[in-house]
Each structure stands twice: as structure tokens, then as C-alpha cells.
Amino acid sequence: MSKILERINGSQDVKSLSISELEILASELRQEVLRVVSINGGHVSSNLGVVELTLALHYVFNTPADKLVWDVGNQSYPHKLITGRREPFPTLRKMNGISGFCKISESPYDAFGAGHASTSISAALGMAVARDVRGSEERVVAIIGDGAMTGGMAYEALNNAGALKTDFLVILNTNEMSIAPNVGAISHYVNKVITHPLYNRVKDDLEHWVDRIPAIGHRVVETAHKLEESIKNLLVPGTIFEGLGFRYFGPVEGHDLDGLIKILKDIKDLHGPILFHVVTKKGRGYKPAEERPDQFHGMGPFDLTTGKPLKGSSGKSFSNAFGDALWREAEKDPRIVAITAAMPSGTGLAEFAKRYPKRFFDVGIAEEHAVTFAGGLAAQGLKPVLAIYSTFLQRGFDQVLHDVCLQNLPVIFGIDRAGVVGDDGPTHQGVFDISYLRPIPNLKIVQARNEATLKTILKWALHEEGPVAIRYPRGNVREGLGDDTCRPLDQGGVDVVRKGKDVAILALGDMVYMGLEVAALLEKDGISTQVIDARFIKPLDEVFLERLSKGITKWITLEDHVLAGGFGSAVLEFLQARKISVEFIRLGLPDVFIEQGVREKVWEGFGLSAPLIVQRIKKEFVKAVSSTEKIAYSV
Ligand SMILES: Cc1ncc(C[n+]2csc(CCOP(=O)(O)OP(=O)(O)O)c2C)c(N)n1
């Protein structure tokens, strides 16, 4: 018998199914998500948790005319599978393949793009208002998790929606998990009710009692209902949302297709802002993910039978290297505290949290708050270290500027995933932070190339009197070029890792290693290349650069970051300000959003590989290199 999924190409096909067929389809969707994600890697538990909700939404709403706005979008795989992307689904998160998030350009069913959390209610509200302005009739639905609901923007949107009173539906999907267990007072409030034995018992008792009442009389029934209502109001999270101007429905079992469909049908045409609260289980239907929903939030390829990762994690990630260095420093200094915005494991802080639970703060998906919270801690003499992905620090730009740097507070930003990140694609690339941080006075920006330099830099930063941003990339720390070549930071900014006389490569982080590969290739052609780990992006080691310009006049800057406003721009500004004339190539990423794909392949696509850089050097510097006769190439 052919699979039902093979016949599903959009919401019309979903609508034609019976409840029992939908249940079979739910199981097929889980299998297909697991099959592909176990090969490609990706988000597992969030997707398994929303299968029934996804089917119910497409069953009841007239998508794509009606708009579904998925928050973050990492739970959109079942949605993609039933909206015309079943065939390309095996390319999920691959170069030129299906995105792991919603993307307007990918399908008309993806009403709004995402990747960062807590945006769905704002976007859906905007769409609902646009509908009102245009006078059209489509319905708009935002689907947001309890994790994303810890983000401030969600509350700004609820607040605005309560005042605008336009018709739209917010579905709050609670599963008690963000990536890690969810945190915060609102989350406790919402989850308390779902599991509250008193609420459930009183509710059951009352229902039982009320059922038997007709024999007694109408007024008693009314009183009983009022009593039930007031108990419910005391305990049900709806009161918060009702206070904000929403009509609240729930909490409802989020895996009961029939129940979900009935309620959605009932509420879809109600007027004003509606909040429908469903309760789901993250990882539903796959035991390893149900047991470890955090580990299965985002996974590399894994063995379907055992749930074990296929590639054993040999090597240490930069995140863990940072986390380890930090707890070791914290052992010596009780003023050190660590902060994460909902990514305790992702940022390598899990061990710190275990060792120093009172000095560790998971503030939820609340990057803006995390930065200012760190500012407050620093203002009172602590040494806060906020470990945060480059892409998510974008959220906290004004807080970095206004709350930390303007007051010259000694906050350390551990900027993780700095550079191209790979499979997550354009929403997650950490390629803008140098450009947005560099103009901020008082802030020092440094980049580590390996574990040893990361430790040295962190130690130094902890003794600084102002803010410091330390960049390090996604992936494992590199071997080689250890601390032995690395001077302490107070003795100067740069670290010359290879001596040379014809060409100078000034590189950052991973690109130092690429610079060394380039140097080795150029050596074969008799070109002598100096490779410099610049380390400091701000302030630049100007004394060194000035001296360098007297000896070598062919310079290349190499960075895993956009060229606009990046490290190369900083060097260029320095050269211009000092009226120093050198031949200069800036290598980095162009003015486009960088799509998903394996990092090395992505770099290569933009000319960032040793052979391509060698070609470029030969092409642009060929006339002037001392041994030019030897390298009369046509490129
Ligand atoms: C601004 C921002 N910070 C952090 C993240 C990383 N992140 C992705 S999903 C997620 C948890 C979301 O939890 P929830 O909304 O409850 O959805 P679930 O996956 O549990 O269904 C986090 C922290 C992000 N995408 N955006």
C-alpha cells in the first residue's frame, strides 16, 4: 500500500483525509523526519513534538492563503513535508538544499522567515494588520514555543496586540523545554498549571458534581460553574493572557488530532486576539529523543536504532574550551559569574553551571536582557562573562553600546560561532559582529585561534578594566600553533606565526591556519610569506603594523567575516590614517547573506581556500613580488 505522505502536496490533500488517515500520516511524518535528520543532522525533538499540531493547522486553515508563522522555524519539518517539499526534503540543510528554517523564498506556505526566536507574534500581528488595511480576509496564526515565549519581543507583541484588538491566533506550544529545560517565572507559571494536581483534581471533582446537578436546580449549576471558573482563574495561565487582552483557550493535549481539529474549528473565526495553549511532548514517538530532548534538539547524524551520534565527538569544541577555561578561572576568583541566554550546553557553560550553580545564570532567550544584566553585575564589582553566539548578540547591540560600553563596564562577551556556521545558514552566520562592534568606543575585540590562545586571551580579559569581546568559531579547536608562539597580550597585539619577507598575511582565528597553508604553497614558487595572527581587531597593534609596512609592502588580510566594516577595513582605515602605502588585498565574505553548507565549501565559494588565495596573490601581486620572474603565470 502506498504511503499517504506520497500523495500529500499541500493543505488541500491534508483536508481530504479522515482522522484515522491523519493519524497514519502523523506516523509517516515522524519516520521521514527521523530518516532524513539521522543522515543529515538537524532538529529532531521539536519536529517530532509538533506533528499533530501541524496536521491540524493545515487541516483546519486554508493555507497558504491563511498564514502560519512558525517561531524560530526549527520545528517546521513536518510543515515542509506536507507543503510540496517532500521530494527535496533529503537535501535538508545541505548546500543549495531545503533550509532547516522557514524561508519566504522557499515556499508560499512559509509565510515568514525565521531562525532567531520570539519573532512570530510580532510578524503575525503585522500580517493581520496588513490584512485589515487591505480589507482582505485571510486568517493569521503564530505558533510559538514556551522557550521562545521567554524572549522580550514576544511580550512587546502581546502588549501591542491587546491594544490593537485585531483578529489573529497565537498558539502557545508548551513542552517545558527550550533547548535545555525552560527557565523563568512565566515558564514556571505556565507549566505549573498543566501539571497542577489541585487544578486537575478540583476540575474533575467539579465536573463530576456539576454533571449530577440538574436534579438540584439551575442556580446551583451556575454557582458551581462560577466556582470552577474562579478556581480555574486562580490556577490557569490564561489569566495572564486574558489580562493582556487575549481570549485564552487551553491547556489542551497537543497530540490528540481529533481534539485539536475540533477546537481549532471552533476558535478560528472568533474575533480579537486569541491564545490557544497546547501541551506537547518534545521528541514524541522516538524514545531516545523523548528521553533526551535537549540532546536531540539539534543533532548531527545519528544511528536511528540506538540514537547515538554517528561521528563520535573526537576533539574538543571551542565552546567547551571556553567553558573549561572559564570555570578554571572561576575557581581562583569568586567574582567571576557566567551568563547564557538559553544555551547552557551550546556555549560550553554546562560544567560551570554544575560547579558553580549560584554563579551561573540562564536568563532564557533574552539576549538584550542578558547584556544589561551583565552590565548590572559588573557595575557592582562582579566579573560577568556572557557566552553568546555571534548571531544572537545582534539582538543586544544597543545594550552592548548603551548599557555596557558607554559606562566602560568590565563585561566579557564570549562570542561563540563567530564566522561561517555551516548547516544552519543565513540566519545563524556569525559574520557581522566585528562590523557592528568595532565602532563602539571602549570595547576591545580579540580573536582566538586555538585553545591555548583562548585561555591566554580570557585570562587577560578578566584583568581588563573595560569590556572585551572574545571571538571564537564553531567547531573543534585546532591542533598546532599552541601557546608557545603566543606572547602574552600585554606585550603586544599580534603573534607572528611564520616569518617571511615578500608578502604579509594578517589573519584571524581559523584563517591563521589557512594563511599558513597559503604560505606553504607560495614557498614552492619562491615567495616568502609572513603569517601574522593579528589577534586584536580593536585596538590594532599599530606599532607592529607601522614597522611591518617598512619591511613588507604586499599585505593581505584574511577573515571569516564580511568585508564591510570587518578586520580588513580596520587595517585599511589605519593605513589611510597614517598615509602608509602598501599593496593590499582584503579577503573575507562579500555583501550577501551566506547560505547554508559545509563551512570549508562555503569559504571556497567566496575564494577563501589556500589554492584560490594563492591564485589571487599571484594575479594581483605578480609584478611586484621579488621573485616575479619565476611566477609569470596566466591566471
Ligand atoms: C534569539 C535566539 N536565541 C537563541 C536561539 C537558539 N534556540 C533555537 S530554538 C531554541 C529553543 C526554543 O524553544 P521553544 O520555543 O520552546 O521551542 P521547542 O523547540 O521546544 O519546540 C533556542 C534557545 C534562537 N534561535 N534565537
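**Exercise 1.** Work out which residues of helix α23 (residues 567-577) are buried, and find what they pack against.

*Solution.* Start with the helix itself: its buried residues are Phe567, Gly568, Ser569, Ala570 and Val571. Bear in mind that we're looking at a predicted model. Next, look across from those residues: they pack against a helix, α19 (433-437), and against the strands β15 (503-507), β17 (536-538), β18 (554-562) and β19 (583-589). Finally, step just past the end of α23, where Lys579 takes a positive phi of about 55°.

**Exercise 2.** Find which members of the largest nonpolar core touch the most other members, then list what Ala507 touches.

*Solution.* Begin with the core, which holds 178 residues; Ala124, Val141, Ile470, Ile505 and Ala507 touch the most other members. Then ask who supplies it: helix α21 (residues 510-524) gives the largest share, 8 residues. Now zoom in on Ala507. Skipping residues up to four places away in sequence, Ala507 touches Val512, Met514, Gly515, Val531, Ile532, Asp533, Ala534 and Leu558. For background, nonpolar side chains in soluble globular proteins tend to be buried together.

**Exercise 3.** Describe the shell around the ligand by residue class and by domain.

*Solution.* First, count: 23 residues surround the ligand, with Ser46, Ala117, Gly145, Gly147 and Ala148 the closest. Sort the shell by class and you get 9 nonpolar, 10 polar and 4 charged residues. Last, check the domains: domain 1 (5-177 + 245-299) and domain 2 (318-471) each contribute at least three residues to the shell.

**Exercise 4.** How many helices and strands does the protein chain have?

*Solution.* Tally them up: 25 helices and 19 strands. As for burial, 51% of the chain's 635 residues are buried.

Notes. Residues numbered from 1 in each chain as written. Predicted model: local features only at pLDDT ≥ 70, side-chain atom pairs only at ≥ 80, totals over all residues. Near = placed C-beta within 6 Å. Nonpolar A, V, L, I, M, F, W, Y, C, P; charged D, E, K, R; others polar. Domains from an automatic or database assignment. Helix = DSSP H or I, 4+ residues; strand = E, 2+ residues; numbered from the N terminus. Buried ≥ 20, exposed ≤ 12 C-beta atoms within 10 Å, placed from the backbone. Core = buried A, V, L, I, M, F, W, Y, C linked by C-beta atoms within 7 Å. Contact = placed C-beta atoms within 7 Å.
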